[in-house]
Amino acid sequence: MIRNFLKVAIRNLWRNKNFSAINITGLAIGMAAAMLILLWVQNEISYDRFYEKTNRIHIVYSRDKNNGKIDVWNRTTALLAPALKKDYPEVEDAVRFRPVYFLMTFGEKHLNVQGSFADSSFLSVLNFPFLKGNAKTALNDNHNIVITNKLAIRLFGKTEAMGKTVRIDSADNFTVAGVLKDLPGNTELEFEYLLPWTYITKLGWDNNQTWSSSNAATYVLLKKGISREAFDEKIKNIVRHHKKDGDGSTREVFTQPLSMAHLYSKSENGKLIGGRVETVKLFIAIALVILAIACINFMNLSTARSEKRAKEVGIRKVVGARKNSLIMQFIGESTILALIAFIIAICLVQISLGGFSEVVGVPLFINFGNLYWWLFALAFILFTGLIAGSYPAFYISSSRPAEVLKGTFKNASALIKPRKLLVVLQFTFAIILIICTIIVERQLQFARSRDTGYNKGNLVYIFSQGDVIKNYRLIKHDLLSTGAAVAVTKTFSPITRVWGTATGLSWQGSTEADKKLNFLLFEADDDFAKTTGAKLLQGRDIDINSYPTDSTALLFNEAAVKAMHLQDPVGKTIKNANGVNCHIIGVLKDFIIESPYDEVKPMIIQGLSTGYPVVHFRLNPANSVGIDLAKAEKIFKQYNRQYPFEYVFADEAFARKFREEQQDSTLSALFAGLTVFISCLGLFGLATYMAENRKKEIGIRKVLGASTSSITTLLSLDFIKLVLLAIIIASPIAWWTMNTWLQGYTYRIQVEWWVFVMAGFVAVAIALLTVSFQSVKAALMNPVRSLRSE
């Protein structure tokens with residue numbers, strides 16, 4: 001019987017090659033798109049889940065009140081981990097992690113590489129796999145270093161890395177005590193080497209460590225059976241208990257499973273409630289929608305062809321076939337189609353996986369050696385075959401033999417209601433995706449076109465290392481005198497980021513409540529406004545070289561002036577949290593330094609008083625960028641010979657702020673296009689079948705004098721009405737979805753009516769182009785050929 005079913009299935013597929021091709025193509029594209037999305041989803045939800053003790057590893061967050069809101073961030077004081085390990089029996093281990101950039105030197109090789117300081121037991125808690133070395137002892141010695149295999153190859157080539165000595169920042173030598181496998185793409189941690197935490201003490205970087213600091217990531221390994229919620233309640237006020245002014249402190253700490261940190265990074269009222277997980281859910285829905293549309297195509301074409309299969313079913317029933325066996329036959333045929341489509345889909349996925357990986361920024365792959373993958377593939381095929389073949393199977397198998405053999409069985413037109421419903425459903429999904437894609441792209445362009453408040457063009461910065469700061473004045477002089485740059489300044493952080501905040505400010509007329517105002521803190525020396533292109537609205541720029549007292553000078557942005565309710569702020573005295581009197585020398589127009597989607601926060605720019613600054617310089621527009629950079633490289637190499645000249649364009653750094661939204665926009669556009677294509681493929685198949693089914697009617701109409709245009713309109717109008725209905729249904733759903741999504745952005749567009757008109761026009765135009773070809777072809781057919789049998 002099974003052999004007979006297979007024969008019939010293959011014969012039917014071959015006999016109806018065109019419809020089979022449309023069915024298989026639609027299913028294959030739908031499956032391929034769904035698989036690509038699910039591969040990305042699998043990667044997203046697998047972040048930091050590969051550790052041996054994943055279920056017990058947590059990252060500690062801080063939260064505190066800030067300008068009437070509760071901020072949450074994933075850094076704590078470095079004093080926290082030792083205290084947790086010492087004072088809380090629930091803690092099996094607690095480790096610290098602090099990113100750092102150092103110059104790595106081996107022989108004549110000089111590499112500027114991102115690494116991290118870590119406690120000695122860090123690799124026992126987060127057990128990244130070792131190629132060589134011992135996780136328990138690798139970071140025990142103060143001058144040991146653990147490197148990734150990638151860095152080992154860059155430094156030592158194919159020679160043995162273990163035991164080799166590398167120099168850190170031309171200052172200290174470290175011995176390679178371990179080589180890790182390269183970090184997987186699905187981890188939030190980024191480093192190419194690990195240094196012992198004790199090295200921070202030698203550098204003196206922890207001299208000013210307090211319980212108010214936030215300069216370390218803290219990971220906690222809880223003992224088995226410990227409730228995270230109970231532990232959080234116990235440690236919540238640990239910062240207040242240790243601070244001298246604990247009674248006035250509002251800072252709290254809490255934990256989050258490390259495996260959830262990637263998905264849940266968005267906070268509301270001091271709780272992590274969303275983030276990347278929202279995008280993951282959205283794309284899971286898109287994958288299901290695309291697969292559903294491909295299955296709907298199958299149902300539509302199969303039910304439309306039911307009349308041709310009806311006599312076969314009638315004869316089978318007369319000779320004794322039962323309904324169940326007929327259902328199994330049709331489900332079997334759809335499963336064979338699904339299997340063929342799956343094989344093609346795998347080929348499509350393999351072909352497109354490289355390009356798709358570039359779009360999502362993650363190297364994706366199919367693990368064919370994984371048993372679970374094959375079980376998933378089998379389930380995927382059976383599920384698709386069952387869903388795609390269920391409706392035609394149950395419908396056709398329910399026909400009565402007498403009606404079929406007498407020729408009174410319902411023809412394709414009897415299926416008009418369910419078929420119309422399925423077409424409307426298809427295009428509803430497609431139009432929703434079109435509208436969402438347009439709005440996401442408009443929001444992205446809206447944020448990109450927002451005035452940044454400074455001039456990003458030709459603005460370059462480098463992170464100062466080695467002798468740059470010692471020779472800064474000489475470097476600045478040479479950059480200007482050689483014409484490589486027209487302005488130079490040094491700052492504490494890049495113009496696209498902010499690394500400090502300030503609270504506790506007081507001024508004439510301020511209140512105790514004003515001391516709780518939180519300001520972004522930026523530090524700069526002379527020519528900041530000239531170099532960055534920031535607009536001075538009042539007063540003058542900071543110029544420590546000409547005015548030594550400018551080390552206590554302040555520039556305020558408009559938001560800061562507004563928050564402090566200052567009138568004529570220039571010349572006013574501000575006392576900082578340390579009791580130092582500072583003076584306002586100017587007001588800058590608000591400029592974007594954080595998220596381009598949020599409002600600009602109050603910010604203070606003070607005279608540079610701390611180390612590790614960043615050198616910004618504006619390239620000379622009279623020269624080409626290449627010539628300016630070549631001159632600059634020569635100058636930096638002259639005064640900082642051992643360090644590579646690595647620079648960042650401010651406009652490129654700013655553009656990276658849109659990376660996640662750009663990725664979502666690209667994926668939305670890609671899958672919206674595929675959804676429309678699959679829908680049109682099904683529509684084309686239906687139009688082909690309906691034209692064939694109505695060829696005698698068309699012939700009679702032509703004989704009676706109907707024009708080609710009237711017949712074309714007649715055949716196309718039914719489908720266009722369905723698309724118009726889909727537009728009416730899709731529009732409010734898309735409006736609600738995107739309006740909800742936009743609420744997550746302070747700086748956002750309004751959802752305008754023309755977006756729905758545009759999406760509707762696109763859908764109608766595509767549908768019209770799809771069905772008109774078959775409609776015109778049918779209208780031009782010679783009526784003699786269609787009526788010959790009459």
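I began with Asp 93, which is buried at a relative accessible area of 10%; buried means under 20% relative accessible area, exposed over 50% and partly exposed in between, with a 1.4 Å probe and protein chains only. The model is predicted, so I note that local features need pLDDT of at least 70, that side-chain atom pairs count only at pLDDT 80 or more, and that totals for chains, interfaces and linings use all residues. Residues are numbered from 1 along each chain as its sequence is written, and side-chain values use heavy atoms, with hydrogens and water left out.

**Salt bridges**

I looked up the partner of Asp 93 and found Lys 85, the closest N and O atoms of this salt bridge being 3.1 Å apart. The term requires a side-chain nitrogen of Lys or Arg within 4 Å of a carboxyl oxygen of Asp or Glu. Lys 85 counts as partly exposed, at 43% relative accessibility. The structure holds 25 salt bridges.

I then inspected Lys 236 and Glu 233, whose side chains meet at 3.6 Å, N to O. Lys 236 is partly exposed at 21% relative accessibility, and Glu 233 is exposed at 53%. For the salt bridge of Lys 470 with Asp 467, I noted 3.9 Å between the closest N and O atoms. Here Lys 470 is exposed at 64% relative accessibility, while Asp 467 is partly exposed at 34%.

I also recorded a network of salt bridges that links Arg 473, Lys 476, Lys 490, Asp 525, Asp 526 and Asp 527.

**Aromatic pairs**

I found 38 aromatic pairs in the structure. Rings of Phe, Tyr and Trp (its six-membered ring) pair if their centres lie within 6.5 Å; planes under 30 degrees apart count as stacked, over 60 as edge-to-face and the rest as tilted.

Phe 122 lies in helix 4 (residues 122–125) and Tyr 219 in strand 10 (residues 217–222), so the pair ties together parts 97 residues apart in sequence. Helices (H or I, at least four residues) and strands (E, at least two) are DSSP runs, numbered from the N terminus. Phe 122 is buried at 0% relative accessibility, and Tyr 219 is buried at 5% relative accessible area.

I next examined Phe 356 and Phe 671, where centres 6.1 Å apart and planes at 65 degrees again give an edge-to-face pair. Phe 356 belongs to helix 11 (residues 323–360) and Phe 671 to helix 20 (residues 659–693), so this pair ties together parts 315 residues apart in sequence. Both Phe 356 and Phe 671 are buried.

**Strand 23**

I checked the cover of strand 23 (residues 603–607) and found five of its five residues buried. Strand 18 (residues 519–524) pairs with strand 23 in the parallel sense over five bridges; pairing requires at least two bridges found by DSSP. Strand 20 (residues 553–557) pairs with strand 23 in the antiparallel sense over three bridges. I noted Gln 606 as the bridge partner of Glu 523, and Leu 554 also stands opposite Gln 606.

**Gln 443**

I located Gln 443 in helix 14 (residues 416–448). Gln 443 is buried, at 1% relative accessibility. Not counting residues up to four places away in sequence, Gln 443 touches residues including Tyr 597, Trp 741 and Arg 748, contact meaning heavy atoms within 4.5 Å.
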